Amino acid sequence: SHAWFDICPCVKYGQEHPEYFALLGDERRTSYYGGHHGGQVCTSNPDVIEIFARAAIRYFDDHPDFHMFSVSPNDGGGFCQCDKCRALDGNQFIDGDPNRPVLTDRLLAFYNAIAERLVQKHPDKFLGAYIYSYYKAPPTREKPHPNLYLVNATNSAHMHGAGWEKEHESEKQW
């Protein structure tokens with residue numbers, strides 16, 4: 001499920017560490033809207049990667065019988081536009097719009113960095129993450145870590161199956 005708001009909550013880190021959160025324009029967004037929408041993290045920040053890795057390790061320390069920990073972004077968009085995050089993106093854009101980059105490579109780099117730290121302590125545990133929205137298209141550079149379990153969040157269901165063929169073709173590319 002969407003989990004960033006639990007792992008790196010705005011309320012806990014926002015005031016003291018705004019650099020942990022998405023840069024949108026010239027402002028770090030350290031709040032949510034509509035519950036837990038927005039409030040995305042800066043995935044290129046090494047401290048954020050460490051917060052996520054420690055959260056996953058602690059989760060499995062506390063729950064040794066569990067097998068997966070979610071690292072899926074919050075719902076609602078608002079992803080970081082800092083130069084370091086943008087540099088991790090492939091050269092793909094949603095509907096050809098340069099203001100809407102495909103974020104798959106960026107997020108896989110983030111997840112992989114967390115997974116590398118996780119497997120040092122828990123080599124048999126997995127991180128779960130959605131393939132969804134801005135990060136649904138297949139990656140151009142990054143390969144998923146072996147301990148990363150990607151889950152396709154099919155969007156055509158709310159349209160009673162319209163668009164399923166297009167989604168299925170996208171799944172095949174993965």
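Before the first selection, one cut-off: a salt bridge here is a side-chain nitrogen of Lys or Arg within 4 Å of a carboxyl oxygen of Asp or Glu. Also bear in mind that this is a predicted model.

**Stop 1: a lysine inside**

Select Lys 125, in the loop that runs between helix 5 (104-121) and strand 6 (126-131). Does this lysine have a salt bridge, or none? Lys 125 has none, although it is buried.

What does the side chain of Lys 125 reach? Show the backbone of Phe 66: its oxygen is 2.7 Å from the lysine side chain. Apart from neighbours within four places in sequence, the contacts of Lys 125 are Phe 60, Pro 64, Asp 65, Phe 66, His 67, Leu 118 and Asn 147.

**Stop 2: the cavity**

Rolling a probe the size of a water molecule over the atoms shows where empty space is left. How many cavities of 30 Å³ or more are there? The count is one, and the largest cavity holds about 40 Å³ of space.

**Stop 3: salt bridges**

Side chains of opposite charge can pair when their charged atoms come close. The structure holds six salt bridges, and we will visit some of them.

Begin with Arg 117 and Glu 50, whose closest N and O atoms are 3.1 Å apart. Arg 117 lies in helix 5 and Glu 50 in helix 3 (residues 46-62), so this pair ties together parts that are 67 residues apart in sequence. Arg 117 is partly exposed, at 32% relative accessibility, and Glu 50 is partly exposed at 30%.

Next, pick Glu 169 and Lys 172, which form a salt bridge with their closest N and O atoms 3.1 Å apart. These two are three residues apart in helix 6 (residues 164-173), about one helical turn. Glu 169 is partly exposed, with 43% relative accessibility, while Lys 172 is exposed, with 55%.

Then move to Arg 100 and Asp 95, which meet in a salt bridge at 3.5 Å, N to O. Arg 100 is partly exposed, at 31% relative accessibility.

**Stop 4: two backbone angles**

Most residues other than glycine have a negative phi, and most peptide bonds are trans. What is the phi of Asp 95? It is near 55°, a positive value in a residue that is not glycine. Asp 95 sits in the loop between helix 4 (83-87) and helix 5, and it is exposed, with 69% relative accessibility.

Finish at Ser 133, in the loop between strand 6 and strand 7 (148-152). Ser 133, also not a glycine, has a positive phi of about 55°. At 37% relative accessibility, Ser 133 is partly exposed.

How values were computed
Residues numbered from 1 in each chain as written. Predicted model: local features only at pLDDT ≥ 70, side-chain atom pairs only at ≥ 80, totals over all residues. Heavy atoms only, no water. Helix = DSSP H or I, 4+ residues; strand = E, 2+ residues; numbered from the N terminus. Buried < 20%, exposed > 50% of the residue type's maximum accessible area, 1.4 Å probe, protein only. Lys, Arg positive; Asp, Glu negative; His and termini not counted. Polar contact = N/O pair within 3.5 Å; in protein donor to acceptor, adjacent residues only side chain to side chain. Contact = heavy atoms within 4.5 Å. 1 Å grid on protein atoms, 1.4 Å probe; cavity = no way out; pocket = protein on both sides within 12 Å on 5 of 7 lines; lining within 4 Å. Points joined across faces, edges and corners; volume = space filled by probe spheres on them.
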